[in-house]
Every structure is written in C-alpha cells, then in structure tokens.
Amino acid sequence: MPILSKSKIIAFRQCPKRLWLEVHKPELREDSSATQARFQAGYQVGDIAKRLYDPDGQAAEIDIETEGFDAAFERSAKLLNESHQPIFEAGFKAGGALAFADVMLPKAEQGKTTWKMVEVKSSTSVKDYHRDDIAVQAFVAQAAGVNLKLIALAHIDSSWVYPGDEDYRGLLFENELTAETFARFDEVRGWITEAHKVVAQSAEPKIAVGDHCYDPFECGFCAYCKKGIVQPKYPINWLPRFSAGKREQMAEQGVDDLREVPDDLLNDKQAMVKEYTLANKIFFDAAGAASDLAPYGFPAYFLDFESIQFAVPIWKGTRPYQQLVFQFSLHILSKSGQLTHTAFLDLSGNDPSESFSRALIAACCDSGPVFVYNSAFEATRIRELAERFPDLAEPLEEILERMVDLLPVARNRYYHPSQQGSWSIKAVLPAVVPDLSYDDLEGVCDGGTAQEVFCEAIQPSTANERKSEIEKQLLAYCRLDTFAMVRLWQFFTGRKGSSPE
C-alpha cells in the first residue's frame with residue numbers, strides 16, 4: 001500500500017478525482033500563475049518563520065531534497081526522541097500517511113520532552129482547509145509516536161507594520177488549535193482510509209467539473225477535466241453578479257445556458273446581458289453617455305496605477321499584502337485635442353511610494369478631471385499615500401476630488417455581446433475600439449504579469465539587459481491602459497479623432 005502525503009490527503013478533501021490524478025497522472029497538472037504565486041509567498045513566509053522561531057540559530061532542519069525520505073524520517077525520529085532544540089520540517093510516517101511539520105518546539109515537562117507543533121501559513125486568517133491540513137499533520141505525528149502536547153497555526157497579521165532593518169517580530173500571529181485538532185483524529189483516519197481506496201482504483205473517478213474545482217483553490221487538473229466537455233453556447237456565468245444560490249439552483253435543474261434561465265430570476269442588468277447577447281446586438285445609450293461626461297472640461301487626464309503586494313514587507317512602514325504603487329501612466333488631452341503622455345516607473349528596489357506621490361502631483365497639475373477606470377482602486381491607493389505622507393496629503397486629496405470613474409458610464413450605457421457579461425477595460429476596449437488590443441503587447445499584458453516582472457526587476461541578480469526589457473514592457477502595458485481610456489472617453493462623448501499612439 002502506498003503512503004500518501006499530507007498534500008495528497010488534502011487533495012482528496014477537495015476532490016477524489018484530483019487525488020487519483022495526482023498519483024497516477026501527475027504530468028497532467030498545470031498550476032496557474034496565481035497558484036505559483038501562492039506557493040512563492042508560502043516559501044517567503046516560511047523562511048521568516050525560521051528566523052522568528054529560532055532567533056539564536058540553534059534549530060535543526062530536515063532537508064528531504066538532500067537527505068532523501070528515509071534518512072529524513074530517521075533523523076526526524078532521532079531528534080524528536082533525543083534532542084531539545086527546535087526542528088524545522090520534521091518528518092513523520094505512520095497510519096498510511098506522511099507529513100512534514102513547519103516548526104516543532106520542545107518543552108520539558110516532568111523530565112520528559114513534549115512538543116508544540118506550529119504550522120505556518122501565508123494567509124491573514126485561519127481557513128477551514130488550514131484546520132484540515134494541521135489535523136492530518138498532527139494525526140500522523142502522534143501515530144508516529146511523537147509526544148505532541150500543543151498545536152498552533154501561525155498566520156500573517158495584516159495589521160502589523162514593518163519597522164525595517166529585517167525586524168520581523170510580530171509578523172506572525174499564533175492560533176492555538178490543540179483541542180479541536182485532537183478531536184478530529186477519527187475523522188482524519190477516515191479520510192486516509194477513503195483516500196487509499198480512491199488511489200487503488202484502476203480508473204479515475206467519474207466526477208464532473210463544478211465549483212469544488214476552485215475551492216479552496218483552483219485545481220491544477222481543471223484544464224484536463226474540461227477537455228471534451230461540450231460548453232454551452234451562452235454560459236450562465238456570463239450573467240454579471242448572478243448569485244451562487246441561483247447558480248446552484250440552475251445546476252440542479254440542469255440549466256447551464258442563458259437561453260434556459262428564467263427571466264424572473266434576473267435583475268435589470270442581467271436581463272439586458274441576456275437579451276443583447278442572444279440577439280447578438282449592441283446596447284449603446286449614446287446620449288446618456290455623452291450627458292454623463294458633459295460636465296467635465298479640459299485639460300482631461302487619464303490615469304492608471306500598477307501596484308505590488310508582498311506577503312513579507314520589504315519596505316519600512318508598510319504592511320503585509322498592502323497594495324503599493326510603483327507605476328503610473330497619465331495621458332493628458334487638451335481642449336484643442338492635443339494628446340500628451342507622461343509616466344512614472346521605479347525599478348530601483350527602493351520604496352517608490354513618496355517619489356510616486358510627488359511625480360503624480362506634478363503631472364496632474366491643479367485643475368481638470370482625472371479619469372480612471374474603476375476608481376475604487378486608484379482612490380484607495382491615493383488615500384493610503386496621503387495617510388503615509390501627511391505633507392503631501394492636501395495635493396493628493398485634491399487629485400482625489402477631481403477623479404471621475406469611466407466604469408459606471410460603460411456599465412450603464414454600453415454592452416457588446418463579446419464582453420460576455422464583463423465590463424473590465426480588457427473586455428470593453430476590443431468591443432469599442434477593435435484596432436486596440438492587449439494581445440499585441442509583448443511580455444506584459446495583464447496586471448498579474450506586471451507584478452511578476454516587477455518582482456523580477458528589483459532583484460539584485462537581475463541582469464541590466466533583462467531589467468531594461470521589463471521596463472519597456474511595463475511602460476507599454478500601462479500606457480495602453482490610459483490610451484484605452486482616452487479612446488473610450490472619445491467614444492462615449494461622441495468626439496472623433498485621436499492622436500496616434
């Protein structure tokens with residue numbers, strides 16, 4: 001009988017078919033960029049945890065890459081039985097499963113050594129799947145004979161502010177889960193038994209694609225499982241903000257196409273999407289769009305930000321997962337129709353926040369509407385900058401007061417069937433301005449990739465040639481965002497012509 005790792009047991013908890021594929025067809029797995037980013041954040045937090053739980057450098061660490069599984073289990077057992085030092089990545093094997101603990105901390109009690117297990121997560125709270133995770137881990141440890149006394153889960157405290165100088169004390173917050181974890185051991189034993197039955201099957205389980213494929217995270221086998229499935233011509237997920245309850249209701253009735261969704265389940269926006277999608281017609285309230293934008297004069301500014309989030313802050317005065325702006329693009333349209341452009345991008349690796357703020361204030365001058373697309377993002381970032389830099393608060397808040405959101409205009413006045421129920425700028429732009437496309441960009445063509453290459457660019461090991469390439473790609477991507485807003489504004493206001501980009 002094969003021994004299943006903790007990750008395999010957790011895969012079973014999400015979907016038995018996923019477990020079977022993990023064991024028998026692992027080559028079919030395709031992790032998304034979001035999954036890979038989550039793994040990377042976990043590694044970073046894990047490294048900091050080692051420093052926090054072993055400030056004196058006295059811990060032992062198990063490395064299965066260099067030691068191999070058998071040696072790792074053997075050394076772990078020896079350390080847990082004989083040592084009195086913290087252990088990182090201690091391995092256990094028992095009850096048909098194996099697991100490795102992030103942190104094991106010793107405590108002397110009546111002449112014996114007991115252990116506290118700490119599982120470290122890069123999230124900002126305890127999730128249900130974390131409880132499953134640590135329950136499996138603790139079960140295997142105790143089954144392997146570990147004298148386990150306490151169990152805790154440490155996650156990031158998102159309110160903590162990094163004081164700088166590599167001082168990460170306070171980054172992690174511990175949740176004591178001993179009693180509830182011990183109480184679940186019978187449940188865990190059942191999971192392991194059922195998981196082994198699934199693995200022993202000669203053929204993969206017949207389980208249809210569903211919401212579980214994305215809960216708690218997107219499964220790496222989604223693409224494989226979707227192959228051969230006949231997709232509805234008009235999927236109901238094109239309905240904007242169609243509630244999970246209604247989706248479940250439709251699924252129970254076997255309804256997956258817009259044509260079969262009863263109209264009485266739809267609000268006005270959803271009904272409009274259904275009507276114009278099925279009729280393959282464009283909805284455009286040109287007069288309403290022009291009226292919405294008529295109050296705003298010139299010069300007109302078109303603004304977009306790019307930001308980065310770090311699970312482990314690298315800049316003093318910032319918080320875990322705080323959105324930190326590192327780039328803006330600004331197109332400026334004069335009353336005469338002249339279009340100019342300016343931009344800010346900092347790839348130095350230093351905190352760009354203050355220099356970003358000063359450049360933004362200078363570029364936006366002191367009058368004229370500042371158009372954005374989905375103002376919640378830019379407005380929140382500006383408020384945060386004003387809070388961090390009180391001496392710049394007044395001019396930043398003045399920019400905020402001038403801000404005008406193009407998203408409500410698009411959402412209320414325009415819809416093209418190609419948008420498939422979305423009003424993101426990447427959905428609206430090709431419909432309104434088919435000669436512009438993000439597909440033509442090289443390298444960076446979405447916000448996720450922008451974050452990835454920014455992190456690459458600020459690494460000291462990144463070659464200057466690669467850094468220059470990243471700079472060029474980031475500037476082109478953000479510039480297209482604001483030029484897209486110019487073209488949308490021209491379309492909505494009924495104005496013709498534009499300066500070529």
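1. Basis. This is a predicted model, in which local features need pLDDT of at least 70 and side-chain atom pairs count only at pLDDT 80 or more, while totals for chains, interfaces and linings use all residues. Residues are numbered from 1 along each chain as its sequence is written, and side-chain values use heavy atoms, with hydrogens and water left out.

2. Helix packing. Helix α12 (residues 286–293) and helix α19 (residues 464–493) have axes that come within 7 Å and cross at roughly 115°. Axes are lines fitted to C-alpha atoms, for helices over the stretch in contact, with angles running from 0 to 180 degrees between N-to-C directions; helices are DSSP runs (H or I, at least four residues) and strands likewise (E, at least two), numbered from the N terminus.

3. Residues of the contact. On α12 the contact (heavy atoms within 4.5 Å) is made by Ala286, Ala289, Ala290 and Leu293, and on α19 by Trp489, Phe492 and Thr493. Six of these residues are nonpolar, one is polar and none is charged. In this scheme Ala, Val, Leu, Ile, Met, Phe, Trp, Tyr, Cys and Pro count as nonpolar, Asp, Glu, Lys and Arg as charged, and the others, Gly among them, as polar.

4. Salt bridges overall. The structure holds 32 salt bridges, each defined as a side-chain nitrogen of Lys or Arg within 4 Å of a carboxyl oxygen of Asp or Glu. Lys6, Glu119, Lys121 and Asp133 are linked in a network of such bridges.

5. Arginine 388 and aspartate 351. Their side chains meet in a salt bridge at 2.8 Å, N to O. The pair links distant parts of the chain, 37 residues apart: arginine 388 lies in helix α14 (residues 375–388), and aspartate 351 in the loop between β11 (339–345) and α13 (353–364). Arginine 388 is partly exposed, with a relative accessible area of 24%, and aspartate 351 is partly exposed at 27%. Buried means under 20% relative accessible area, exposed over 50%, and partly exposed in between (1.4 Å probe, protein chains only).

6. Aspartate 391 and arginine 358. This salt bridge spans 3.2 Å, N to O, and joins the loop between α14 and α15 (393–401), which holds aspartate 391, to helix α13, which holds arginine 358, 33 residues apart. Aspartate 391 is exposed at 53% relative accessible area, whereas arginine 358 is partly exposed at 40%.

7. Arginine 381 and glutamate 384. The closest N and O atoms of this salt bridge are 3.0 Å apart. Both residues lie in helix α14, three residues apart, about one turn of the helix, and both are buried.
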